[in-house]
Amino acid sequence: GEGDLRRLSQNFNTMTRELRQKRHALTTANDQLLERRRFTEAVISGVSAGVLGLDSQDRITLVSRSAEELLNVKADDLIGQKLVDAIPEFAEVFAKFSSQKLKPRTQQQITIGPESDERTLAIKVTHEAAGKGEVGSVVTFDDITELVSAQRTNAWADVARRIAHEIKNPLTPIILSVGRLRKNYGHLITEKKELFDNLTATIERQAGDIKTMVDEFASFARMPEPQMVTDDLRNAVKEPIILFRESTPQIEYILNIPDEPVLCSIDRRLITQATTNLIKNATEAIKGIGQDFSGPEEKGRITTSIHLEGDQAIIEVADNGPGLPKQNRARITEPYVTSKGNKGTGLGLAIVNKIAEQHGGTLILEDAKNSQGEITNGAVVKIVLPLIQTEKESTDSDAKTEPSNTSDNLTKVLSDT
């Protein structure tokens, strides 16, 4: 009926309907935000680049999985901290972006990590704003160490070609001319004969050193494509050991290889060249210590071995020399990066690394360790190559995984095809 009670009940029902509608709208919006958040987190966790989310006070609020891996730190250790305090290496780059000195799409490079494992990161900062106020920032970064290394390698390959073309040809007539001068006119020199001999010998020696350096650059520039054939890896490793044993008897060369053939798809000449470079580097490192190795305990020792791990064959060259350098260790496989000063071109390990990549393998550099796992003097360099599965191994593998039904049979036939 009419009256205040009826109006009160109508208003109350209207209010409850409006509350129900608004509650439904809020629930729907919350579900949409949750779905968007899950999608965003899935995207962020799937990208290879590291992502850091910052609030308006530059405190870290989000850390992606890739960021944890690239920075080698847990997200819980970063959340809530200011970026410049949590990651001091980012401070200078972040300040440049914050002061608007850089365009939004500009990337900056920094070097992070210990000297033995330095990595190059490309960093980009994007500021988010709503109206006149700043909401926060997003910092993205990616590991471009291998990209930078490849760019340096390509640049040095081009330099090597130019050096080989411009310098190598004039060197031969210079060396020949100096030899003829000493042979044809040496007996005519009556005054300062010793000085004449010393100067001509110096010219020959220095020109010979330059020619050797140019030959190494030329060899690096024209690295041939490997001619892959199935071969026994042991044969490629034996040859350089025999040569070094004869030429350097003061150093002990040990060879440990399996009794059974180690079949790999390799270019035997290139693998022999790579092994020779590794043994040569180890020999020069031991000689560079300056000891005579006269005592049995002080004798220089280089151990070359082949061992198998799963479906991989590993060529390992270990020495008891001074070990790997602490600085620029991550760049030691790049051209013209050497720890020998003026005595080396820095192309030995670069060529070995290139040969390993051409064979689908990797090059690993490690410090020597004793039986207790403690780091000692010396270095260990490994070339990891894929093995070829023999017919017997293939048969044994098929016998262990018998198909259980027609569908599995069809899958196996398609995969074999």
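Biologist: Which strands does helix α9 (residues 348–358) lie across, and at about what angle does it run to β11?

Modeller: Helix α9 lies across β11 and β12, running at about 125° to β11. Axes here are lines fitted to C-alpha atoms, for helices over the stretch in contact, and angles run from 0 to 180 degrees between N-to-C directions. Helices (H or I, at least four residues) and strands (E, at least two) are DSSP runs, numbered from the N terminus.

Biologist: What should I know about the model itself?

Modeller: This is a predicted model, in which local features need pLDDT of at least 70 and side-chain atom pairs count only at pLDDT 80 or more, while totals for chains, interfaces and linings use all residues. Residues are numbered from 1 along each chain as its sequence is written, and side-chain values use heavy atoms, with hydrogens and water left out.

Biologist: How many helices and strands does the protein chain have?

Modeller: The chain has eleven helices and twelve strands. Of its 417 residues, 31% count as buried; buried means under 20% relative accessible area, exposed over 50%, and partly exposed in between (1.4 Å probe, protein chains only).

Biologist: Back to α9, then. How many of its residues are buried?

Modeller: Eight of the eleven are buried, so α9 is largely enclosed by the rest of the structure. Among them are Leu-349, Ile-351, Val-352 and Ile-355, and also Asn-353 and Gln-358. After the helix comes Gly-360, with a positive phi near 70°.

Biologist: How do I read the packing of two helices?

Modeller: Packed helices are described by the angle between their axes and the distance between the axes. Here α7 (residues 233–247) and α8 (residues 268–287) pack at about 40°, with axes 8 Å apart. The two are therefore oblique to each other: angles under 35 degrees count as roughly parallel, over 145 as roughly antiparallel, 65 to 115 as roughly perpendicular and the rest as oblique. Among the residues making the contact are Val-237, Ile-241 and Phe-244 of α7 and Ile-271, Thr-275 and Ile-279 of α8.

Biologist: And how do strands join into a sheet?

Modeller: Strands of a sheet pair through backbone hydrogen bonds, either parallel or antiparallel. In this model an open sheet of five strands has the order β7-β9-β10-β12-β11, with mixed pairing; two strands pair if DSSP finds at least two bridges between them. The edge strands, β7 and β11 (362–369), each pair on one side only. From one strand to the next, the twist averages 20°.

Biologist: Where can I see parallel and antiparallel pairing here?

Modeller: Look at β9 (residues 300–309). Strand β9 runs parallel to β7 (residues 251–256), joined by six bridges, and Ser-305 is the bridge partner of Asn-256. With β10 (residues 312–319), β9 pairs in the antiparallel sense over eight bridges. There Ile-302 has Asp-319 as its bridge partner, and His-307 stands opposite Ile-314. Two residues lie between the strands of this hairpin, where Gly-310 takes a positive phi near 65°.

Biologist: Which strands does α7 lie across?

Modeller: α7 lies across β7, β9, β10 and β12 (375–386), running at about 165° to β7.

How values were computed. Contact = heavy atoms within 4.5 Å.
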